[in-house]
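Here is a protein with a ligand to look over together.

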Amino acid sequence: MSPFEYAPAPESRAVVDIASSYGLYIGGQFVEATGGAPFKTVNPATEEVLAEVSEASADDVDVAVKAARTAYTRVWSRMSGADRGKYLFRIARILQERAREFAVLETLDNGKPIKEARDVDLPLAAAHFFYHAGWADKLDHASLGPNPRPLGVVGQIVPWNFPLLMLAWKIAPALACGNTVVIKPAETTPLTALLFASVCEQAELPPGVVNIVTGAGATGQAIVDHPGIDKLAFTGSTAVGKMIARSIAGTRKKATLELGGKAANIIFDDAPIDQAVEGIVNGIFFNQGHVCCAGSRILVQESIAEELDHRLKRRLATLRVGDPMDKNTDVGAINSRKQLDRIEEMVAVGEAEGAERWDSGCALPTNGFWFRPTVFSGVSQTHRIAQEEIFGPVVSVLTFRTPAEAVAKANNTPYGLSAGIWTEKGSRILWMADQLRAGVVWANTFNKFDPTSPFGGYKESGYGREGGRHGLEAYVTSAGPYGRASEAARPQGGSR
Ligand code: NDP
């Protein structure tokens, strides 16, 4: 029970115009799809249908790839880096100016709390465009090898957990390096990507530089399989990532795969415990736990396990779960019925395996998809809830005695995307960070993102990095003008 009663503080949705149906954004205009029946996108907090969205067929994807190739050959790869940068700066500024509109739409389509869409997704999306705008005319100085050149047409497939932010992570570096893109948002969250088309128009981006095709897995597969794609950038599940890797094996396509995670958030007995509790909350209950790098396993030193358990549950009882459009809401709706089923299935598995389940017992709305913040204690390494990504507001608590044991347990999953360490000893942080097989290690904080910092995984969390100078490497080839450069890159003049 919260110590405070909060009056409702609803954000207005009047700032957003949602069309009843959307086509595909190809070659700088919306066109009708030739694919199957349109599908509906719903507000997961109310189950209200928001709009009908087109399903792009392989033929539609082909048209989009051709539009991207034409824009690449005729315009984008010939433009100076400084000029490309100007477009990216424009996009960044427009996103800032229209931040409220995008944040409201993201919350309606995704179910995340408006305060997160407003304070995290939008500022970071704009920051990614600003950051990469700055790189566009400096690629020669980024240690990318001699004469770095674009790859050509990039196929990009993004998930539903951060729809606009993942779009920004993908599009900004691709465009900065001189590539053009065909991007597919997830089936359940296409609306902010479709609204982004209007940003491209407002920025007067040349037609075909960004093409947005909607659809389900088959549309994604059509992008993966298209022979005109030079590089793929995918964020999503490890299962689909593996399928993509198999599909492109033996082709000349490059790929970056940002896949699942099962991060350890490691709490030592000298950690500032209340801050660690906040870090745990931010680590796993941010965005309903729909976060690839979520701190979904707490490893707590045995001597403080009881105290942490008590403080964590006391804190979780104060989380406000409910209407994502309310500015006071901490935990919003689960993104889809399918994802709610998956969470419920995994929680049932945890109980059947003998772990002890606790939830905050808060009231939940009657319509929509909801799950209470949940803690499993008495979890052992072999439990599925300690090994598999649940992708929901569910955390498993394990204990350890020594730093070496913490490292062994933290590394004992198929994944390696992120980790957190809470201790007051700097030397221990450095030692641990060196031992942990995780692409990102946070110390005395969690889930902090910055476009200047590379992000990516080890093992089944995928390969390649996004963000920072390292992220640019995935979007260029660097073997001189006619060396290893892709076919697509050959005929063009100076790309910077
Ligand atoms: P997917 O990996 O299926 O979806 C990610 C993206 O890939 C979506 O745009 C999806 O389209 C697309 N896609 C699906 N199948 C194919 C294919 N064969 N070829 C190319 N693209 C494809 O994740 P789900 O949304 O199904 O979620 C399933 C589980 O994956 C979750 O429970 C969660 O555990 C995990 N997940 C992990 C993410 C991460 O960042 N680590 C992100 C999302 C999910 P569409 O949505 O239209 O089907």
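The questions below go through the pocket and the ligand in turn.

This is a predicted model, in which local features need pLDDT of at least 70 and side-chain atom pairs count only at pLDDT 80 or more, while totals for chains, interfaces and linings use all residues. Residues are numbered from 1 along each chain as its sequence is written, and side-chain values use heavy atoms, leaving out hydrogens and water.

Q: Which space does the ligand take?
A: A molecule sits in a pocket if more than half of its atoms lie within 2 Å of the grid points. A pocket is an open set of points on a 1 Å grid over the protein atoms alone, where a 1.4 Å probe fits, with protein on both sides within 12 Å along at least five of seven lines. The ligand's space is the largest pocket.

Q: Which element gives the most residues to the lining of the largest pocket?
A: Lining residues have an atom within 4 Å of a point, and helices are DSSP runs of H or I with at least four residues, strands runs of E with at least two. Two or more residues each come from helix H7 (217-225), strand S10 (231-235), helix H8 (238-248) and helix H11 (337-352). With five residues, the top contributor is H8.

Q: How far is the polar side-chain atom of Trp 160 from an oxygen atom of the ligand?
A: Trp 160 is among the residues that come nearest to the ligand, out of 27 around it, each with a heavy atom within 4 Å. A polar contact is a pair of N or O atoms within 3.5 Å. For Trp 160 and the ligand oxygen, the distance is 2.5 Å.

Definitions and conventions
A polar contact is a pair of N or O atoms within 3.5 Å; within protein, one must be able to donate a hydrogen and the other to accept it, and residues adjacent in sequence count only if both atoms are side-chain atoms.
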